[in-house]
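Open the model in your viewer and keep the selection tool ready. We will go stop by stop.

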Amino acid sequence: MKKSMVQRQVLAAAALLVGMGAALAQDATATGIAQYREMLQDGNPAELFEMKGEKLWTQNRGPKNATLEKCDFGKGPGVLKGAFVELPRYFADTGRVQDLESRLITCMETLQGYKAEDLYKAAANYGKGESANMVAITTYVVTASKGMDFALPQGNEKEKTMYEVGKRLFFARSGPHDFACSTCHGVDGQRIRLQELPNLTKNPGDGVGFAAWPAYRVSNGQLWTMQKRLNDCYRQQRFPEPKFGSDATIALAVYMGVNSKSAESIVPAIKR
Amino acid sequence: MKKFLKITSVSVAVLMLAACASSPSSADYDKITSQVTQGSFQAKGQASLERLQQDDANRLCSAADVAGQPLDDKTAQMIQAANLKTIKWPADGKFLGDWKNGEKLAQSGRGLTWSDKAESANGGNCYNCHQITKEEISYGTIGPSLYNYGKLRGVTDPNSPAARGVVEYTWVKLWNARAYSACSQMPRVGHNGILGEAEIKDVMALLLDPASPANK
């Protein structure tokens, strides 16, 4: 029901774009995309992922037949509000800086008795099998911080280290095209084709860049988490694949998250 | 996977301990970054782990970007000289091919990702970053506009001696842009084998042929 409404709105937005003259097309495209996003706000299919995640959160699952309700994302067991906008952060129990997605695996291991190794394997097959459940739970957890401002902690030495590592990875040029993250996201006001590119070396603004993920992507009907977003960035950079939850992905999230300090998270966002 | 992550975390911890006496230095962070990189990626499709290896140009330019300081002149010139040596001139002495195929190559952003088939043809990615013709309004702005590229440089006959300088300069830019600008963001299209000699000739024609829509 909701989906068919979304589809109609997409068609309307597309018609709106096609109808415009070529000379005005670029400015108009930006306006058109903004209108299209506004139209979609009422029926963001991310809500379906969130609802599924909420159900999984309180469901007895795994070898221990337990729920995730005591999972600690850094604000205490079971505290979800505000947790996402402070992640990735250092966790003393694992001795690691973790993002939401790797922390969820820790909880599924400790509370529900799953094998972390199996979950990492499942997560690599994005959106399928158990990964679909983890994406839904991630959506549920992030949505509890909707409208809050990013405030990643940097008090721990490992958090500082991850920021510095993330910065170095962000500027690391390599591969057959010599691309780095910074090739596209290093300065203000640039585009690839008509796609505007946020400058991720600083706070690009409320709901932009890091603050616009996770998001539902209309073009492929998937909910993309930050792990998936980074995976596809590296694909386009012509790099080898970053492993799910690897330190490189977490360091980059720390770098972008700290740079986005005080930016409002619009999770779950909706994208073309 | 879990084991691998643990190893990475341990090595990060060890390196951090080594650096613990004072606050870690920039060189310490470089070392940790290298460890993290080694533990974080896996080969997929045609995207091998060798792609993580940086040559001097990439290593030095990345470090300059991290520092927020441009390279000193001497280093920049060293990089440019090394990259200038990689230029391969067209074997038959002809620089221009078919602008129509050049336009197709300029439009395509395909090739060399882990999801592209290794044997499939690569695109030139040109419109992702550059304006080239008036007709194509969906162009990127990371690179400068190349609309009227040849015309603005006074190229009326690309085969004439008068055009030789511009033609050779453009060939170098396409083959290896780092030969003229040490830290250019432009992919080294010929040097890194993104396009072959024949395809680069076609893109040359798109930019320099007076009949090309880029010069209309």
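The tour below visits each chain, then the place where they touch. Keep in mind that this is a predicted model.

**Stop 1: chain A**

Select chain A and colour by secondary structure. The chain has 272 residues, and 44% of them count as buried. Now think about contacts between residues at least 6 apart in sequence. In chain A, 69% of these join residues at least 24 apart.

**Stop 2: a helix in chain A**

Select residues 157–170 of chain A. This is helix α7, with 14 residues. From its first C-alpha to its last, α7(A) reaches 20 Å, close to the 20 Å expected at 1.5 Å a residue. How many of the 14 residues of α7(A) are buried? The count is 10, so the helix is largely enclosed by the rest of the structure. Show the side chains to see which ones. The buried residues include A:Thr161, A:Met162 and A:Tyr163. A:Glu164, A:Lys167 and A:Arg168 are buried too. At the end of the list come A:Leu169 and A:Phe170.

**Stop 3: the largest nonpolar core**

Next, select A:Phe84, A:Val141, A:Ala251, A:Leu252, A:Val254 and A:Tyr255. These have the most contacts inside the largest nonpolar core, a group of 70 residues. Which helix gives the largest share of this core? It is α10 of chain A, residues 247–259, with 9 residues. In soluble globular proteins, nonpolar side chains tend to be buried together.

Zoom in on A:Val141. Leaving out residues up to four places away in sequence, A:Val141 touches A:Phe73, A:Leu80, A:Ala83, A:Phe84 and A:Leu100.

**Stop 4**

**Stop 5: a sheet in chain A**

Go back to chain A and show its strands. Look for an open sheet of 3 strands, in the order β6-β5-β8. Its pairing is mixed. The edge strands are β6 (222–224) and β8 (269–271), and each pairs on one side only. From one strand to the next, the twist averages 30 degrees.

Select β5 of chain A, residues 215–217. β5(A) and β6(A) pair in the antiparallel sense over 3 bridges. Here A:Arg217 stands opposite A:Gln222.

**Stop 6: chain B**

Now select chain B. Its 9 helices come with 1 strand. Starting at the N terminus, the elements run α-α-β-α-α-α-α-α-α-α. Along the principal axes, the C-alpha atoms of chain B fill a box of roughly 65 × 40 × 35 Å. Of its 216 residues, 39% count as buried.

**Stop 7: where the chains touch**

Show both chains together. The contact takes 47 residues from chain A and 50 residues from chain B. On the chain B side, α1 (2–18), α2 (26–40), β1 (41–42), α3 (56–67) and α6 (126–129) each supply at least two residues. Which element supplies the largest share of that side? It is α2(B), with 8 residues. By class, the chain B side has 24 nonpolar, 20 polar and 6 charged residues.

Select β7 of chain A, residues 241–242, and β1(B). They run antiparallel, joined by 2 bridges. A:Glu241 stands opposite B:Gln42.

Notes
Residues are numbered from 1 along each chain as its sequence is written. Chains are lettered from A and ligands numbered from 1 in the order in which they are written. This is a predicted model: local features need pLDDT of at least 70, side-chain atom pairs count only at pLDDT 80 or more; totals for chains, interfaces and linings use all residues. Two residues are in contact if their C-beta atoms, placed from the backbone, lie within 7 Å. Helices (H or I, at least four residues) and strands (E, at least two) are DSSP runs, numbered from the N terminus. Ala, Val, Leu, Ile, Met, Phe, Trp, Tyr, Cys and Pro count as nonpolar, Asp, Glu, Lys and Arg as charged, and the others, Gly among them, as polar. Two strands pair if DSSP finds at least two bridges between them. A residue is buried if 20 or more other C-beta atoms lie within 10 Å of its own, exposed if 12 or fewer, and partly exposed in between; C-beta atoms are placed from the backbone. A nonpolar core is a set of buried Ala, Val, Leu, Ile, Met, Phe, Trp, Tyr and Cys residues joined through C-beta atoms within 7 Å. Axes are lines fitted to C-alpha atoms, for helices over the stretch in contact, and angles run from 0 to 180 degrees between N-to-C directions. The expected span of a helix is 1.5 Å times one less than its number of residues.
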